[in-house]
Amino acid sequence: MVQNRNKLIDLFIGNAANSIVHKVLEIAIENSEIANKYNKELITSRDLAKKYREKINPKDSPLIERDIEYIKSRIINKIRAELLLRISNGYKNINLNLIDGFVDNFLKEMKIN
Amino acid sequence: MVELIARISKGSKMDQVYLPKNRSGFEIGSYIVIKPLGTERIIEKPYFYNIKDIEPVKAQMINEIFRIIDKNIQDYENAILTGSFLDRGFNFNDIDILLVSKNKVKINDLINKLEKFTGIKIHIIILDNKTLINGLETDPLYIMMLSKCISKKRLIYKIKYKIDYKLLDLELLKSKLLIDNFDYLDGNEKYYFVRNIIAIYLFIQNKKISKEIVDKKIVKIFNLKGIDDLKKNKLDKVDFLKKYKSFYQQLFNLILKGIKNGSK
């Protein structure tokens with residue numbers, strides 16, 4: 001399958017956002033201990049994001065500033081949309097202030113910035 | 001040597017000794033010696049849950065696994081074998097073991113010994129009884145996992161589902177990945193995402209959950225010829241994704257409604 005760079009970046013963004021939404025919700029429910037005990041078969045969004053990152057050039061060094069900004073803002077927007085949907089439905093204890101820090105860490109970990 | 005302890009029961013014309021179907025060795029047609037037990041030690045028999053039959057070689061391995069655990073771990077409450085190892089055939093990657101213990105257990109040495117004996121990757125989850133019960137009450141994957149298992153000691157749990165919509169939201173979120181990543185996932189990866197979503201659905205409906213029930217439901221909901229259509233990645237992408245997205249959205253709405261109503 002042909003995997004063009006833009007498509008790979010899109011997939012990376014989707015999986016990164018899912019991974020961080022998951023992290024924010026884990027903190028919100030304060031009861032993720034049991035949720036993660038037996039899901040070893042499920043491939044995680046973090047694994048998938050990493051897989052796509054490894055196919056995006058440059059693989060071993062940060063991307064150019066314009067790409068970083070684009071990826072970061074799209075991830076943040078996706079996360080906010082997911083979380084705000086829940087908040088508007090009465091989901092309490094979701095801390096939106098966590099998003100920026102989590103995104104920065106994730107992008108560093110994935111060698112995006 | 002494989003030993004079994006059984007009791008002689010009274011028959012009409014002849015008395016008899018019944019052998020359990022799930023046993024290692026003692027194949028039909030083989031000759032055996034019967035002798036009184038006397039003062040010989042009693043060998044513990046594991047408890048089989050929803051396993052109709054198992055290959056003799058696996059049954060023998062299971063006995064030895066329990067023996068190795070017993071020898072190497074002090075003070076644990078139970079050991080439970082589960083996962084694809086218990087399915088018919090040899091299409092499994094590892095052996096899943098749940099070690100129930102209230103104490104911290106060092107398992108590296110145990111894993112090495114078990115892997116050396118079996119030649120198969122060993123995956124051990126350690127948890128205390130309270131966490132196990134909590135998992136069985138709130139987590140569909142736990143229920144599915146323990147719907148088919150072999151346990152060293154009898155499992156006595158009266159489980160009533162406790163629906164925690166926030167926890168289910170977190171679990172459901174994982175299955176969202178199938179939509180965006182469809183082209184990049186293999187059949188088994190897709191299967192686990194779909195299995196997850198169906199288990200959540202059955203849980204919310206307060207229905208019984210087992211791997212077989214979930215597989216049947218998948219085939220029905222997504223109109224497949226069989227579960228292998230999914231596992232072997234032979235899906236009609238457009239048709240499947242249309243159904244999957246719709247099913248996901250309905251389930252997500254149901255969960256959001258549950259969160260909104262403040263149910264836990």
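This is a predicted model: local features need pLDDT of at least 70, side-chain atom pairs count only at pLDDT 80 or more; totals for chains, interfaces and linings use all residues.
Trainee: What share of the residues in chain A is buried?

Mentor: A residue counts as buried if 20 or more other C-beta atoms lie within 10 Å of its own. Chain A has 113 residues, and the buried part of them is 31%.

Trainee: Which element of chain B gives the most residues to the side that touches chain A?

Mentor: The contact takes 26 residues from chain A and 30 residues from chain B. Elements of chain B that give two or more residues include strand 6 (121-127), helix 5 (165-175) and helix 10 (237-260). With seven residues, the element that gives the most is helix 5 of chain B.

Trainee: How many residues on that side of chain B are charged?

Mentor: By class, the side of chain B that touches chain A has 13 nonpolar and seven polar residues. The charged residues there number ten.

Trainee: Within chain B, which helix gives the most to the side of domain 1 that touches domain 2?

Mentor: The domain assignment gives domain 1 (43-151) and domain 2 (165-260) of chain B, with centres 27 Å apart over C-alpha atoms. Eight residues of domain 1 of chain B are in contact with ten residues of domain 2 of chain B. On the domain 1 side, the most, four residues, comes from helix 4 of chain B.

Note on methods. Residues are numbered from 1 along each chain as its sequence is written. Chains are lettered from A and ligands numbered from 1 in the order in which they are written. Two residues are in contact if their C-beta atoms, placed from the backbone, lie within 7 Å. Ala, Val, Leu, Ile, Met, Phe, Trp, Tyr, Cys and Pro count as nonpolar, Asp, Glu, Lys and Arg as charged, and the others, Gly among them, as polar. A residue is buried if 20 or more other C-beta atoms lie within 10 Å of its own, exposed if 12 or fewer, and partly exposed in between; C-beta atoms are placed from the backbone. Domain bounds come from an automatic or database domain assignment.
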